[in-house]
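Dear colleague,

I am handing over the structure that we spoke about, with the sequence alongside.

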Amino acid sequence: CFPILLNGMHFLAVVFIGDTPEHYCRLTEDLQPPNMDRIYGTETWYNVMNDTIPREKSEDGNYVYSQCERFKYPDNKTATETCTDGWVYSKDQYESTVVMTWDLVCDRKWMSKLNQAIFMLGVMSGAVVFGNLADRFGRRKIFLVCMIGVTFSGIVNAFLPNYVVWLLFRFLVGFTSNGGYVVAFSYVMEIVGATRRTVCGIFVQGWFAGGIMLLSLLAYFIRDWQMLQLSMTVPTLIVLGYWWFLPESPRWLLAQGRNEEAGELINTYAARNGVKLDAGFVNEAIELHGAVDTKNEDHQSHRTYGLLDLVRTPNLRKRTLNVCFNWFVNSLVYYGLSLNTSNLGGDDYINSFISGAVELPSYIVTVILMERIGRQKTIAGSMFIAGIGCFCTVAVPLSRKDLIPIRTT
């Protein structure tokens, strides 16, 4: 569960390390005060801006200082030029972000949008690759390979001097972190009984929400993106110690025919939980399981199944497409909201913390509803309520600062 908490931080880190603070053209030394980045909104700041930066009409109809142009000559308020000397960024909120480090604004603004897109591409790839590798080589080995990958790529990511290379390692962070997430989730589901999978599966998600909350706290106290990146990654070194005490999944061992090892693990788990098993009970259960599997294999002629089998029959195809569409919509809305908490208005850190905190009671409610009314009604009702909430948010005008609490709610 601890690695999933760290995953929550990596997945939403772009909210802080990739944020774009207020910025304007850097001026020549004779026109710009040396502390221009720390006097944002003061009288001195306004005096300098009025003399050097033109105004332009924003999307909401208000006139604001241009972030991509400056007056070419101080005594000529008609001729303008681009920010040939770079930009000055407000440090009221951040000491540094990825955007500030590589000037990903104005004509380079599109490059900042690649950040999370590349990360999510790594997430998608990692789920496919490491999911298959875990089936072949075991949960324990692949999980630890993923943790080594997260540690290495995350630490290196904090010191890279080039944005393109940084994106490559950002991909690797998503690739290995989600690979570890998928394997860890599978491991949890395999070491508990069928009656406990609902509770345990949702309990695991709570750690992801905890990671979002922890990220918000860390980002509040650590305003430099490189130090924040390291603070999210270095704790993964603790997880590497799992090598010495994390056993293999007993269900995976059974699937591989390693029945003796699986039996020993099951007996160990039973002893730790204070359960007394009759002598030979585990071996008899394993032999019965093996006999049933052998019988089924004879009927299926040792057939193996793949992704295409999910769409081979009409009924299964309908269910598969329905689940995939639901997952797509949920991911779109979830990350669309979580990654744009800074656009809700109000304090970015509080908004992010709340976005993680509200998930915790929802998991409790979900477990109760799934046990009482089933999965179909639970997911349909949840998506209906979420849809109404999204429509209501759109109806609240961004210009009304007094309605920020309503929009956030």
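Predicted model: local features only at pLDDT ≥ 70, side-chain atom pairs only at ≥ 80, totals over all residues.

Residues are numbered from 1 along each chain as its sequence is written, and side-chain values use heavy atoms, with hydrogens and water left out.

The secondary structure of the protein chain comes to 18 helices and 6 strands, where helices (H or I, at least four residues) and strands (E, at least two) are DSSP runs numbered from the N terminus. Of the 409 residues in the protein chain, 39% are buried; here buried means under 20% relative accessible area, exposed means over 50%, and partly exposed lies in between, with a 1.4 Å probe and protein chains only. The accessible surface of the chain, computed by the Shrake-Rupley method with a 1.4 Å probe and, for residues, with only the protein chains shown as cover, comes to about 23,800 Å², of which 63% belongs to carbon and sulfur atoms. Among contacts (heavy atoms within 4.5 Å) with a separation of 6 or more, 67% are between residues 24 or more positions apart.

A search of the whole structure finds 2 disulfides, a disulfide being counted as a pair of cysteine sulfur atoms within 2.5 Å. With bonded cysteines counted along the chain, they follow the pattern 1-3, 2-4.

Cysteine 25 is buried because its relative accessible area is 3%, and cysteine 83 is buried because its value is 8%.

Cysteine 68 and cysteine 106 form a disulfide with sulfur atoms 2.0 Å apart. They too link distant parts of the chain, 38 residues apart, with cysteine 68 in the loop between β3 (63–65) and β4 (69–73) and cysteine 106 in the loop between α4 (98–102) and α5 (109–137). The link is left-handed, with -100° about the S-S bond. Cysteine 68 is partly exposed, with a relative accessible area of 31%.

Threonine 84 is placed in the loop between β5 (76–82) and β6 (87–89), and it counts as exposed because its relative accessibility is 55%. Its side chain makes a polar contact with the side chain of arginine 70 at 3.0 Å, a polar contact being a pair of N or O atoms within 3.5 Å, where within protein one must be able to donate a hydrogen and the other to accept it, and residues adjacent in sequence count only if both atoms are side-chain atoms. The C-alpha atoms of threonine 84 and leucine 27 are separated by 9.2 Å, although these residues are 57 apart along the chain.

Leucine 308 lies in the loop between α13 (281–300) and α14 (314–338) and counts as exposed at 62% relative accessibility. By contrast, helix α1 (residues 2–12) is mostly covered, with 10 of its 11 residues buried, including Pro3, Ile4 and Phe11.

Best regards
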